[in-house]
Amino acid sequence: MSRRGAGVRRAGVLLLLALLHFGLRPWLGDGRAAPDFLLLALLVYAIGARPGAAAIAGFLVGLLSDALRPVAFGSAMLAYAVVGYLAAWGKAVFFAENPVVAAAFFFAGVVVRDLLVLVWGGGASGMGLLVQLGVWTPLQGLTTAIVGLAVLYVFQRWLQLRLAG
Amino acid sequence: MVSERFASRWDTLVFVTCVGLALTVRALPENAQEAVASAVRRTLLVPFLAVEQQTTRLRAAYANAERFLAERDSAALRAIGAETLAEENARLRDLLDLRAELPPEPIAAEVLREATPTRGLTVILSKGALAGVRPLSPIVTPSGLLGVVRSVDPGRSVGVLWTHPDFRVGAMTPDGAIFGLVRPGGGGPNTMAMLLTGVPYRDSIRTGTRVYTSGFGGVYPRGILIGTVLGVVGEQEGVARTYVVRAAAHPGSVSHVIILVTRARDVGTAYGLGHPE
């Protein structure tokens with residue numbers, strides 16, 4: 001597979017995830033536990049990118065997120081940049097192309113993002129913060145991990161991965 | 001997969017720059033932040049928001065068709081009685097020599113959602129300045145008050161929900177005898193509690209009493225349901241009581257809203273008086 005062809009396929013997967021974020025999420029009701037396809041796109045990108053490029057991608061995804069949800073503007077930029085950088089760096093350290101590790105990778109991405117947005121950006125406190133971090137964040141992390149695994153399995157050739165199992 | 005392991009100096013430099021930029025943006029004045037957000041919504045996000053808007057509309061058509069029909073039928077029944085009341089009201093205003101009240105103009109809009117944990121504090125609405133939406137227009141649902149429009153783009157607007165820490169609304173009991181100020185109960189978007197503050201100590205509100213907008217301040221028209229009183233949560237001895245109120249409209253369950261654009265913004269305009277020079 002040529003380098004250019006691989007890049008186009010990877011971009012196609014990312015675009016599909018972005019479209020799912022805006023086209024599928026409204027079907028999932030309230031959406032607090034629904035998978036975050038934009039974050040998933042960032043994490044999938046980070047798997048095959050250098051930490052610096054993943055940080056830039058995270059910053060841009062955060063910019064989009066902040067524009068959609070202008071509470072504590074800038075907090076999502078920081079959160080997604082950190083998640084992108086850590087994901088690309090962490091993948092280089094321990095990503096073993098193992099399904100369990102990959103699921104944990106997606107789950108951790110959601111947790112870190114929510115922690116940074118909530119703690120640095122504010123918007124929730126006391127019981128509300130506990131409910132978010134104790135209930136909704138793990139649920140969203142779980143659904144994002146499941147969808148993430150499905151994406152990796154379906155598109156592993158396009159993403160040039162070899163998942164075990 | 002990249003073959004390089006760990007981060008190079010270049011990667012670290014890029015990361016630090018991104019973090020620095022995010023911190024800088026966070027420190028910008030609110031107007032500048034809104035200008036950046038608005039520019040992104042009007043350019044990069046246009047195709048994605050269009051997809052989301054169509055999907056939201058389609059989903060509502062499938063999921064809520066029966067509910068919408070039931071609500072329409074109820075509204076039609078109420079409208080039959082309302083016509084008589086409106087005529088009577090007009091006659092009374094005429095007798096009192098009051099100028100005809102300008103009713104708020106309703107604009108229906110879809111709610112577009114986000115995935116981040118503070119999504120319950122603000123919403124993107126599918127109508128903007130081109131549809132006549134203005135900043136500080138109240139956002140309501142059939143259940144009650146949901147929030148207020150904060151900023152407006154040509155095709156979209158941003159609404160602040162009652163869960164937002166900055167939200168405040170003047171409130172009153174149904175008989176218009178007791179007044180207070182409603183603010184979010186804290187805890188962020190996962191709570192349904194509001195606080196009714198500043199209720200004079202001599203007045204007492206019974207549990208289960210409904211609370212409506214009082215119209216003070218000129219932003220919210222009088223008489224929109226805010227919520228139901230659950231009980232006293234605190235008091236300043238001899239001065240005022242604070243009540244906890246269960247909100248009428250849950251931000252998480254709303255897919256469509258009505259934006260009320262009021263043409264008369266203050267008492268002077270409503271009563272036909274000119275502004276002082």
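Modeller: Start with helix α3 (residues 46-63) of chain B in this predicted model. At 1.5 Å a residue, its 18 residues should span 26 Å.

Biologist: Which residues of α3(B) are buried, and what do they pack against?

Modeller: The buried ones are B:Phe48, B:Leu49, B:Glu52, B:Gln53, B:Thr55, B:Thr56 and B:Ala60. They pack against α1 (3-23) and α3 of chain A, and in chain B against α2 (30-42), α4 (65-95), β1 (105-112) and β12 (256-261).

Biologist: Why is α2(A) called roughly antiparallel to α3(A)?

Modeller: The axes of helix α2 (residues 37-47) and helix α3 (residues 51-68) of chain A cross at roughly 170° and come within 9 Å. Angles over 145 degrees count as roughly antiparallel, so α2(A) gets that label relative to α3(A).

Biologist: What makes the contact between α2(A) and α3(A)?

Modeller: From α2(A) come A:Leu38, A:Leu42, A:Tyr45 and A:Ala46; from α3(A) come A:Ala53, A:Ala54, A:Ala57, A:Gly58 and A:Val61. By class, eight are nonpolar, one is polar and none is charged.

Biologist: Why is A:Ser75 called buried?

Modeller: Buried means under 20% relative accessible area. A:Ser75 has 1% relative accessibility, and therefore counts as buried. A:Ser75 lies in helix α4 (residues 75-94) of chain A. Not counting residues up to four places away in sequence, A:Ser75 touches A:Asp66, A:Arg69, A:Val117, A:Trp120, A:Gly121 and B:Arg26.

Biologist: And A:Val13: buried or exposed?

Modeller: A:Val13 is at 1% relative accessibility, so A:Val13 counts as buried. A:Val13 is found in helix α1 of chain A. Leaving aside neighbours within four places in sequence, A:Val13 is in contact with A:Val151, A:Phe155, A:Trp158 and A:Leu159.

Biologist: How many residues separate A:Val13 from A:Ala164 in sequence, and how far apart are they in space?

Modeller: A:Val13 and A:Ala164 are 151 residues apart in sequence and 20 Å apart in space, C-alpha to C-alpha.

Biologist: Why does B:Leu136 count as partly exposed?

Modeller: The class covers values between the buried limit of 20% and the exposed limit of 50%. B:Leu136 is at 46% relative accessibility, and so counts as partly exposed. B:Leu136 lies in the loop between β2 (122-125) and β3 (138-140) of chain B. Although not a glycine, B:Leu136 has a positive phi of about 70°.

Biologist: What does chain B as a whole contain?

Modeller: The secondary structure of chain B comes to five helices and 12 strands. Of its 277 residues, 43% count as buried. Among contacts in chain B with a separation of 6 or more, 61% are between residues 24 or more positions apart.

Biologist: Where in chain B is confidence lowest, and where is it highest?

Modeller: Confidence is lowest in helix α5 (residues 267-270) of chain B, at a mean pLDDT of 46, and highest in strand β9 (residues 210-213) of chain B, at 94. Over residues 265-277 of chain B, pLDDT stays under 50, and the model has 15 contacts for that stretch beyond four places in sequence. Chain B averages a pLDDT of 82, with 85% of the residues scoring at least 70. The model scores ipTM 0.88 and pTM 0.75.

Note on methods:
Residues are numbered from 1 along each chain as its sequence is written. Chains are lettered from A and ligands numbered from 1 in the order in which they are written. This is a predicted model: local features need pLDDT of at least 70, side-chain atom pairs count only at pLDDT 80 or more; totals for chains, interfaces and linings use all residues. Side-chain values use heavy atoms; hydrogens and water are left out. Axes are lines fitted to C-alpha atoms, for helices over the stretch in contact, and angles run from 0 to 180 degrees between N-to-C directions. Helices (H or I, at least four residues) and strands (E, at least two) are DSSP runs, numbered from the N terminus. Angles under 35 degrees count as roughly parallel, over 145 as roughly antiparallel, 65 to 115 as roughly perpendicular and the rest as oblique. Contact means heavy atoms within 4.5 Å. Ala, Val, Leu, Ile, Met, Phe, Trp, Tyr, Cys and Pro count as nonpolar, Asp, Glu, Lys and Arg as charged, and the others, Gly among them, as polar. pLDDT is the predictor's confidence in each residue, from 0 to 100. The expected span of a helix is 1.5 Å times one less than its number of residues. Buried means under 20% relative accessible area, exposed over 50%, partly exposed in between (1.4 Å probe, protein chains only).
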